[in-house]
Amino acid sequence: MTTALRRVGRLLTLLTCAALPAVCLASREVPVFTVDTAAQTPAALAQALQAVLVRATGHTAAAEDPPLAALTTHAAQYVQGYQQGPTGTLQVTFQAGPLKQAIRAAGRNLWNADRPFTLVVLSPPPAALEQAADGALVQQAAERRGLPISIVPLTVRTADGPLLPSTALLAMARNFGAEQLLIGRDITAAAVASSGSASAAVPVPETWHWTLVTPFATRQFTGSVTAGIDQTVEWLAPPLQAAPGGGIAKTPVRIVGLRTLADYARAETMLAAVPGVHQSTVREIDGSTVEFELWARGGAASLRQRLSLSPRLKPQASDRVLTYRYVPPPPAPPAPTPSSPTPLGAAAPSGAAPPAPYSPAAPSP
């Protein structure tokens, strides 16, 4: 890359950050190797290291994974120290370097500790007691999997009930410095309320419908109150088992049809949000075409599969690099947002005034 191109790339990055200030700060580093422990006994340390393996890989199966079992057996040798946690609990910190090396040596992938900060919205909000209980379960699931979240009361639906467009939802997320939005709806409670035929003597298992809105793609999940967190992590984290040739490789990706700075900012944000992408830089600029250099797990084959899920990128025939035409999103209407987030698991204030409308100042992806 020439010096002039490096300067252009830095300028575009600065302009992108100016256009999308919150996105540049959307990832948060998770303290993967520090967890609560009940005691300093071998059994308690083994259990604490199992929790670390889940957070380090993103997968609950890592806790009982046979290739990683030797690590928990010798958990004490990886202890770096102990400290008192924020709530007064005993915490143990394990040595990150040796553990990362051991996990890789066992043929298992690590999930990057810089993870997308995610807003969680329960919409429509349950009753206050139910909301506190549901929020606590969601928070516990996020802490177990190592996903940074905040539960906030946001108006994410139109007056008729459907969700707002993804461009408006992402603009709301950026307003809180987040990268993505996870919206949960208790469809069992909604069905019971509409039918009015539920019997208190016959409890009905809760079923939730979850929608994950990211700058790259929108995903939907159905399951329990914690299914949204679990499926989001499954989507973001690399597979537990490292595939042959599945390491991080450099892959060029060309995007055509970027006619404005806003288009470039959206494309840059989308590519950085693709699961498995660790770094994205500008390699070449030619008019409305920009060639990016992506460092991604699994290389071109994995990227091609992931990029096929984006509604904003249309594959183009090319012999040399992965090439896509950028498809701009429709304009987003202004979306409402509250002035500040509510703490995790807390219910929205009773009788609170409706939030003021929010007009996105930055271009939507």
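This is a predicted model: local features need pLDDT of at least 70, side-chain atom pairs count only at pLDDT 80 or more; totals for chains, interfaces and linings use all residues.
Residues are numbered from 1 along each chain as its sequence is written, and side-chain values use heavy atoms, with hydrogens and water left out.

Five strands form an open sheet of mixed pairing, in the order 7-6-8-9-10. Strands (E, at least two residues) and helices (H or I, at least four) are DSSP runs numbered from the N terminus, and two strands pair if DSSP finds at least two bridges between them. Strand 7 (149-151) and strand 10 (218-223) are the edge strands; each has a single partner strand, so one side of each is left without a neighbour in the sheet. From one strand to the next, the twist averages 20°.

Strand 6 (residues 118-122) runs parallel to strand 7 and is joined to it by three bridges; Thr118 has Ile149 of strand 7 as its bridge partner. Strand 8 and strand 9 are antiparallel, with six bridges, and Leu182 is partnered by Leu212 in strand 9. Six bridges also link strand 9 and strand 10 in the antiparallel sense, where Trp208 has Gly223 of strand 10 as its bridge partner. These two strands form a hairpin with four residues between them. Of the six residues of strand 9, five are buried (under 20% relative accessible area, with a 1.4 Å probe and protein chains only).

Helix 5 lies across strand 6, strand 7 and strand 9 (208-213), at about 175° to strand 7. Angles run from 0 to 180 degrees between N-to-C directions, and axes are lines fitted to C-alpha atoms, for helices over the stretch in contact. Helix 6 (residues 166-175) also packs on the sheet and touches strand 6, strand 8 (180-186), strand 9 and strand 10.

The axes of helix 5 (residues 128-145) and helix 8 (residues 227-236) come within 9 Å and cross at roughly 25°. Helix 5 and helix 8 are therefore roughly parallel to each other (angles under 35 degrees). Their contact (heavy atoms within 4.5 Å) involves Val138, Ala141, Ala142, Arg144 and Arg145 of helix 5 and Ile229, Asp230, Val233 and Glu234 of helix 8. Helix 8 is mostly covered, with eight of its 10 residues buried, among them Trp235 and Leu236.

Technical notes: Angles under 35 degrees count as roughly parallel, over 145 as roughly antiparallel, 65 to 115 as roughly perpendicular and the rest as oblique. Buried means under 20% relative accessible area, exposed over 50%, partly exposed in between (1.4 Å probe, protein chains only).
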